[in-house]
Amino acid sequence: MTRQMLFPDYIFESSWEVCNKVGGIYAVLSTRAKTLQDRIKDRMIFIGPDCWQQQPCNYFTEDTTLFADWKKQAAADGLHLKIGRWEIPGRPIAILVDFAPFFAKKDDIYTQLWNDFQVDSLHAYGDYDEASMFSYAAARVVESFYRYGLKPSQRVVYHGNEWMTGLGLLYIRKHVPEIATVFTTHATSIGRSIAGNNKPLYDYLFAYNGDQMAGELNMQSKHSIEKQTAHHVDCFTTVSDITARECAELLDKPCDVVLPNGFEDNFVAKGAAFTAKRKRARKRLLDVANALLGTGLGDDTLILSTSGRYEFRNKGIDVYIEAMCRLNHDDRLQRPVVAFIEVPGWVGEARQDLQERLATGKTYDQPLASPVVTHWLHNMSDDRVLGMLDGLNMHNGVEDKVKVIFVPCYLTGDDGIMELPYYDLILGNDLSVYPSYYEPWGYTPLESVAFKVPAITTDLAGFGLWVNSEVGHQGEIRDGVKVIHRTDYNYGDVADAIKDSVVEYASMDEKAVAQAREKAFKLSKKALWEKFITHYEKAYDMALRKAEERKSEN
């Protein structure tokens, strides 16, 4: 007889990225929201930081009629809130909390955290205090809402994402044990730090001691809150099998459930609209390249890009540049290539000389100065992308078959050069390349294939491993996703594999390209939230059962 799964009546979910577009977690939450909103309409409530204060937030619309009575009570409890709708598919309720007032109580909060859960906040620096005060405020919001308006019989889950929500999860665990707690680490703070500090993560994973490495890398407080949260919540989760191994070794706590990141494709244009958007994106990409380079590159140009956070090694930006350098000297390449690096750096301003050229619509036969970057940076002499391009003598000369262009800004549609948001630009690509060294899941390749753009990734990314399991072998470019085997030490082999895959794709005929694009798209359909939400159902069930046990014991 199959046991019936418990499902929450209310889900509160907190993250620093609720209504705050910073990184991949925004994509996870904003695409998953509609699936849960459809199921428990307006009882799926997100809690985020009020980073905006008096400034307007493009992702949030306040609604003063929502929970008006409780809001008065919350204000009396010292909670300053904005309640409204997150402007994403499903328009779920979002609560933005002002966490600044709690800084005055910071030391007392940390002392209690040490007494209750032995979390070491003594070594805090950087964003630890800010994240922790938000996390505390978010938990107080959940506690206030629960005490004011919910019945003991109602099943409630509080779900926190990343170490930044750990303090609040522990607060709920102690003060409102009737609420079931779920914690998702999308990447361990210490694992990311090991990888980012050029230490070999994977071959020595079994030998690393997380606490020891936290001390060595000055990560004690973030590691401590993450580890203690993992040990004390009702259900500890992560996003891929590769990160689950990392959690078991570095946090000394195996994951209870793996929650792979799904996707919603309701913003992907279809039919004639898709074709028109792709044409427009390709035109813009080539117009920018030609204006910057003083070239006449046409539609036969192979357009590539990599994108994501500016984690030079972890995201594989270094090996991407190396691969493009090697590709430039490969005699088999018979087509011009423009390879974009769409990674936000310490951007200053859009290049006025490039803007002026783009405004005229004319063609030019001379490049601009520094024809490798679209926006001036505050740190031109210290930037790692520009430094590596210079070190490899990649200056986009007339004779170079491969031109590399750094777009060091967020692509929101108003950057001054591209003037198209990321999702309207990526579908102009022929290929996308994400050769990550450290990538718990990998949203960028999943987004790419949803727009019918085949992608190159690695098997150190959760998405790459998932693709291999779906196609039944190491993914090839003709499958829609090329999955390159990557280790701690095979950097050169990865660069060559990228180069060879681009050469292969550049030489494919129209029929083969169309088939690869269609296979890429079909893979994305297998990762829709409607398929992956079952993993969340399992996590909720596990957490709720533990909360029910606590209730029955009291």
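Let's start inside: helix 8 (residues 220-232) gives the largest share of the lining of the largest cavity, 3 residues. Keep in mind that this is a predicted model.

**The largest cavity**
- This cavity holds about 40 Å³ of space.
- Its lining is made up of His123, Ala124, Tyr125, Tyr128, Asn218, Met219, Gln220, Ser221 and Lys222.
- Sort the lining residues of the largest cavity by type and you get 4 nonpolar, 4 polar and 1 charged.

**The second largest cavity**
- Here the volume is about 30 Å³.
- Tyr202, Ile242, Thr243, Glu246, Tyr438, Glu439, Pro440 and Leu460 line the second largest cavity.
- By type, that lining splits into 5 nonpolar, 1 polar and 2 charged residues.

**The second largest pocket**
- The second largest pocket has about 440 Å³ of space in it.
- Helix 10 (271-293) and helix 18 (510-525) are the elements that give two or more residues to the lining of this pocket.
- Of the two, helix 10 supplies the largest share of that lining, with 5 residues.
- There are 18 lining residues in this pocket, and Arg278, Arg282, Asp430, Val513 and Arg517 lie nearest its centre.
- The lining of the second largest pocket divides into 10 charged, 6 nonpolar and 2 polar residues.

**Strand 11 and its neighbours**
- Strand 11 pairs in the parallel sense with strand 10 (residues 302-307), over 6 bridges. One of the places to look is Leu302, whose bridge partner in strand 11 is Val337.
- Strand 11 also pairs in the parallel sense with strand 14 (residues 402-407), again over 6 bridges. On that side, Glu342 has Val407 of strand 14 as its bridge partner.
- What sort of unit do strand 10, helix 11 (residues 317-328) and strand 11 make? Together they form a right-handed β-α-β unit.

Technical notes. Residues numbered from 1 in each chain as written. Predicted model: local features only at pLDDT ≥ 70, side-chain atom pairs only at ≥ 80, totals over all residues. Heavy atoms only, no water. Pairing = 2+ DSSP bridges. Helix = DSSP H or I, 4+ residues; strand = E, 2+ residues; numbered from the N terminus. Right-handed = clockwise from strand over helix to strand, strands pointing away. 1 Å grid on protein atoms, 1.4 Å probe; cavity = no way out; pocket = protein on both sides within 12 Å on 5 of 7 lines; lining within 4 Å. Points joined across faces, edges and corners; volume = space filled by probe spheres on them. Nonpolar A, V, L, I, M, F, W, Y, C, P; charged D, E, K, R; others polar.
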